[in-house]
Amino acid sequence: MTTDAAAERSLRALRAARLAAQGLGEGFAAPADAVQRLVCVQAQDLAAAKWVLGARVPGSVEAAVDEAIEARSFVRSWPMRGTLHFVAPGMLRPILRLTSARLMQAAAKRHRDEGIDVEVHATARAVAIRELEGGGSASRDELQAAWTAAGISTEGQRGYHLIWRLAVEGLLCCGPVETRARQRFVLLDEWSPAASDEPDDADETLARLFVGYLRGHGPATVRDFAWWTGLTLTQARTAVGAAGDSVVGIDDDRFVAAAASGTDAGASGASGASRRRHVLAPFDEYYLGYGDRSAYCSPDDSLRVVPGKNGLFLPILVSDGEVVGTWRRSPERRGTTAIEVSPFAIGLDPEEFRPSFEAWAGFWSTGLGDLAVAGP
């Protein structure tokens with residue numbers, strides 16, 4: 001019994017430390033502070049990613065995230081794991097130098113199957129530069145139309161793979177906000193020029209990335225870091241050595257950043273005690289940021305977060321660091337949006353999450369409608 005009680009205390013402490021690291025305790029003053037802390041925020045669903053930031057900035061609204069994007073406070077591109085992320089500008093190119101070769105290798109067969117050879121790639125690159133240089137931007141459809149006019153087919157997923165490849169090699173990134181769910185494409189070097197203090201040495205980049213990951217996600221393991229970045233375990237272990245005294249081992253497996261604190265200068269004055277219930281987006285870093293999720297979600301419940309293991313994550317409810325359910329919104333009606341929650345255990349009262357849902361509704365400039373439990 002004593003062992004069980006000690007294990008439960010350890011689990012609660014781990015969850016609390018991660019909530020604080022993630023900015024889900026006291027929160028941050030601005031969306032850019034959240035990205036700076038987390039380093040990378042998965043963002044293939046732009047609208048969902050906006051709420052990932054909004055959930056960490058008390059009282060924020062969607063327009064604040066859009067303004068931060070337009071101000072180039074962070075950049076959206078494909079730095080790791082082959083998917084879109086918000087990333088601190090000074091880390092995008094260094095991360096790509098670590099990840100791009102492996103990403104390209106993994107995509108090589110698909111690109112061959114799509115007929116994206118050296119000639120097609122060179123033509124697509126030249127057309128993109130011609131269309132975008134001088135501060136221009138283009139939607140996906142506009143960019144693909146330019147390629148079609150140049151004799152490059154964009155049928156099926158070919159156009160997407162061309163955009164992805166040009167972004168992974170550092171030519172393109174997402175730029176101005178076009179709609180709630182879309183941005184236009186721009187040339188990375190024009191939209192977010194390289195900073196003079198960007199690391200160009202692989203070990204220095206690994207060290208910064210590992211320390212940054214721990215500052216925004218720790219305590220975490222080397223395997224968690226390898227999964228999150230898509231790097232090899234060998235690279236992840238190199239990162240530990242490169243980080244040196246900037247990281248601290250707290251048990252046999254987990255590390256934290258040496259300077260980690262739940263209340264840094266970037267945090268707001270919101271009461272952490274009042275934010276024990278969290279309404280989080282699909283693909284939120286609190287769930288997605290670790291290879292091992294057993295500390296906050298059981299294997300059975302994980303199947304409810306990702307039904308059918310199809311890669312589509314549902315939005316989640318988190319209580320004291322534990323994932324306790326999922327939720328979904330109804331279409332807005334007469335200025336309000338109804339919410340239906342699906343608890344993982346009997347007895348969960350959706351009213352406990354009302355303040356968090358009200359913050360979510362305020363972020364999207366809608367009213368909170370009915371809050372109900374899903375039927376059997």
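This is a predicted model: local features need pLDDT of at least 70, side-chain atom pairs count only at pLDDT 80 or more; totals for chains, interfaces and linings use all residues.
Colleague: Changing topic, how many residues of H11 are buried?

Modeller: Of the 8 residues of H11, 6 are buried, so this helix is largely enclosed by the rest of the structure. The buried ones are Val222, Asp224, Phe225, Ala226, Trp228 and Thr229.

Colleague: What is Thr229 in contact with, leaving aside its neighbours within four places in sequence?

Modeller: With those neighbours set aside, Thr229 is in contact with Met80, Arg81, Thr99 and Leu209. Thr229 belongs to helix H11, which covers residues 222–229, and it is buried because its relative accessible area is 2%, under the 20% cut-off.

Colleague: Which backbone nitrogen lies 3.1 Å from a polar atom of the Thr229 side chain?

Modeller: That is the backbone nitrogen of Leu231, which lies 3.1 Å from a polar atom of the side chain of Thr229. Between those two residues, and just after H11, Gly230 takes a positive phi of about 80°.

Colleague: How do H10 and H11 cross?

Modeller: The axes of helix H10, residues 202–217, and of H11 cross at roughly 105° and come within 11 Å. Angles of 65 to 115 degrees count as roughly perpendicular, so H10 and H11 are described that way. On the H10 side the contact is made by Leu206, Leu209, Phe210, Tyr213 and His217, and on the H11 side by Asp224, Phe225, Trp228 and Thr229. By class, that contact of H10 with H11 has 6 nonpolar, 2 polar and 1 charged residues.

Colleague: And H10 with H12, at what angle do the axes cross?

Modeller: The axes of H10 and helix H12, residues 233–243, cross at roughly 85° and come within 8 Å. That makes H10 roughly perpendicular to H12. From H10, the residues Asp203, Leu206, Ala207, Phe210 and Val211 meet Gln235, Thr238, Ala239, Val240, Ala242 and Ala243 from H12. Sorted by class, this contact of H10 with H12 has 8 nonpolar, 2 polar and 1 charged residues.

Colleague: Which residues in H6 and H7 meet?

Modeller: In H6, Ala124, Val127, Ala128 and Glu131 meet Leu143, Ala146 and Trp147 in H7. By class, that contact of H6 with H7 has 6 nonpolar, no polar and 1 charged residues. The axes of helix H6, residues 118–132, and helix H7, residues 140–149, come within 10 Å and cross at roughly 125°.

Colleague: Where does Arg56 lie?

Modeller: Arg56 lies in the loop between helix H3, residues 46–54, and helix H4, residues 62–70. Arg56 counts as buried because its relative accessibility is 0%. Leaving aside neighbours within four places in sequence, the residues in contact with Arg56 are Gln22, Gly23, Leu24, Gly27, Phe28, Ala34, Leu38, Asp284, Glu285 and Tyr286.

Colleague: Now the backbone, what kind of peptide bond joins Gly218 and Pro219?

Modeller: A cis peptide bond joins Gly218 and Pro219, with omega about 0°. Pro219 is found in the loop between H10 and strand E6, residues 220–221. Most peptide bonds are trans, and most residues other than glycine have a negative phi.

Colleague: What about phi at Phe283?

Modeller: Phe283 has a positive phi of about 70° although it is not a glycine. Phe283 is found in the loop between strand E9, residues 277–280, and helix H13, residues 285–288, and it counts as buried at 11% relative accessibility.

Colleague: And Asp320, what is its phi?

Modeller: Asp320, not a glycine either, has a positive phi of about 50°. Its place is in the loop between strand E10, residues 316–319, and strand E11, residues 322–329. With a relative accessible area of 35%, Asp320 is partly exposed.

Methods. Residues are numbered from 1 along each chain as its sequence is written. Side-chain values use heavy atoms; hydrogens and water are left out. Axes are lines fitted to C-alpha atoms, for helices over the stretch in contact, and angles run from 0 to 180 degrees between N-to-C directions. Helices (H or I, at least four residues) and strands (E, at least two) are DSSP runs, numbered from the N terminus. Contact means heavy atoms within 4.5 Å. Ala, Val, Leu, Ile, Met, Phe, Trp, Tyr, Cys and Pro count as nonpolar, Asp, Glu, Lys and Arg as charged, and the others, Gly among them, as polar. Buried means under 20% relative accessible area, exposed over 50%, partly exposed in between (1.4 Å probe, protein chains only). A polar contact is a pair of N or O atoms within 3.5 Å; within protein, one must be able to donate a hydrogen and the other to accept it, and residues adjacent in sequence count only if both atoms are side-chain atoms. Angles under 35 degrees count as roughly parallel, over 145 as roughly antiparallel, 65 to 115 as roughly perpendicular and the rest as oblique.
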